[in-house]
Every structure is written in C-alpha cells, then in structure tokens.
Amino acid sequence: FVKTHEIIHHAENQIVEKLYEEGLNFLYSGRAGDKVSAQTAYKKFQEVLDYRVGYRDALALRNEARQIGTIRVLLTVDNKARQFIPGYVANVLEESIPVKNAFWTQYFTSKQDDLSLDYVARLVVNAMELGPEMIREEEIKRHKKIQDGWDYVLDGRGNVAKDTAGNDLKIPRYLEVRAIVLKTYQEKIVLLRGHVELQDMLTGQILETQPVYVESKFYHQAQSFFGDDRALENGDRIHIGMVPFPSDESMMLDVAELVRPVFSNELEKSRYL
C-alpha cells in the first residue's frame, strides 16, 4: 500500500506554484498593454483557485487581470444622410446600438470618465432612401367549359330518341364561361445604406469597415373580379380591398429598428472584439 494523499498534495502544490508564476508573467505583459496576455493570466489564476481556494493573492490578481483584459467599446451613430430624418427617427437609430456585453467585451453608449476605452464602433448612416408608392395591376383571364343542362337526342323523324329501356336519350349541354381576376399590388420601400467601422481609440486608425444595407418593405395585394363567377378558381372569389400606404416616418422607424441586429452581427464578427 502507498499513501497517495501526500504525493497528490505535493504534486498539486507544484502545479499551483507553476500556474501562479505563469499567471504573474502573463499579468506583467498585461500591465504593459497586452490584453491577450491579461486574459491568459486570468485563466491561470482561475486554475490556481480551482486547486487552492484562497491561495496567496490569486483572487486579487485574477480580478486585476479581468479588469486589464476587458475590451471596452464606445458605440455611436454618425448620421451623414442628406435626406431629412425626423428627430424621433434619429433617436431610434441612437437607441438601436447594441449593448449586450460579452465576458471580455463591454459596450458603452457614452464616454466613461473612470475607464479607458479601447475602440469606437460606429454605425455610419450614409443614406436613407425613400421609394415611391407603387401600384401595379395584373389581369388574369379565367375561362371554363361547364355543363349547362341537357339536350334531347332526336331520331330521323324529329322525335325524341329512346334507349332500349324506353327512356329518353339526352346528352349534356356545355357552356363556356369567362371572368377576369384583377390583382392590385401595392409596394413601398425604405433603404438604409451605410457601414460599420471600428476605430482604435489610441491611434485613431480605422481597423475595420463593413457595409450595411437594411430595407423595410411594405407589400399588399388587393383582389377583385368581374364576369361569370363560375369561371373562377378557388381563392379567386375572395375580395381584398386596397389599404392606405404607410407614412414615410413610420417606415423610417421600421428600418431604424431593423438595423439593430445588423449592427450587433457585424460587431460579433470583428476579430478585435
């Protein structure tokens, strides 16, 4: 039998000491401005605490590494659109910037007096294009051959012919019916064109630029018909009236709301954040 407790305890002490020293080395680099090293230091000190809760000052050093390694980003909207944008639409654009923090990334919507920010993520709106109210009509012709009663079969003398059972012979009479289905399409679109750029706060350099294209589209289909309704297909008989077009302002608000996830997705794809 071998007493393994002391062996394991000694081995863990060696591991903890090694992890602690590695954490210190990475933290020194982090203090010099290397955030990746600070993040690695955090992991090393966390491993130390997993082995030995309360080991020396590992907890304080881990917290320091978290503070140093966190990337802080200022989120802004730069409206360069030449078109007039109502104030409340511009406010929604400002509110559309994402504020969901990750473990190593914090987002702010205003400058912080007590914190040093690393990047500015800027949504630049270059244009807000309003499309016209478009109405397009389409006529669909329907026609069918339907049975419309019976015609009696006459013999050579002009009398109604009989079958072998003595019944009158008759044949179906067909009639061709026609109708026209009128479909009216209403369309209107608003486009937001711009880009997302990431700027280094220290150097002022633009590190990344990604184009942004967001559209809000209104679409409605009205329907009516005229002619013989017996020629219609399933669904043709439903009458759908036209509706008022949405205002320019309401569609601007829609596109301002739609830009939020686009901005977030571009930030998530950044190799700096």
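Here is a short walk through the structure shown above, from its confidence values to its hairpin and its nonpolar cores.

Keep in mind that this is a predicted model. The chain has a mean pLDDT of 88, with 95% of its residues at 70 or more.

Now find two strands, E5 (residues 170–200) and E6 (residues 206–227). They run antiparallel to each other and are paired over 21 bridges. To see one of these pairings, look for Lys183, whose bridge partner in E6 is Gln223. Together E5 and E6 make a hairpin, with five residues between the two strands. In that turn sits Gly204, which has a positive phi of about 80°.

Next, let's look inside. In soluble globular proteins, nonpolar side chains tend to be buried together. The largest nonpolar core here has 31 residues, and Leu75, Leu123, Met128, Leu192 and Phe263 are those with the most contacts inside it. Strands E1 (71–79), E3 (119–130), E5 and E6 each give two or more residues to this core, as do helices H4 and H5 (248–268). The largest share comes from H5, with seven residues.

Which residues does Leu123 touch, leaving aside those up to four places away in sequence? The list is Thr76, Val77, Asp78, His195, Val196, Val212, Val259 and Phe263.

How values were computed
Residues are numbered from 1 along each chain as its sequence is written. Side-chain values use heavy atoms; hydrogens and water are left out. pLDDT is the predictor's confidence in each residue, from 0 to 100. Two strands pair if DSSP finds at least two bridges between them. Helices (H or I, at least four residues) and strands (E, at least two) are DSSP runs, numbered from the N terminus. A nonpolar core is a set of buried Ala, Val, Leu, Ile, Met, Phe, Trp, Tyr and Cys residues joined through side-chain atoms within 4.5 Å. Buried means under 20% relative accessible area, exposed over 50%, partly exposed in between (1.4 Å probe, protein chains only). Contact means heavy atoms within 4.5 Å.
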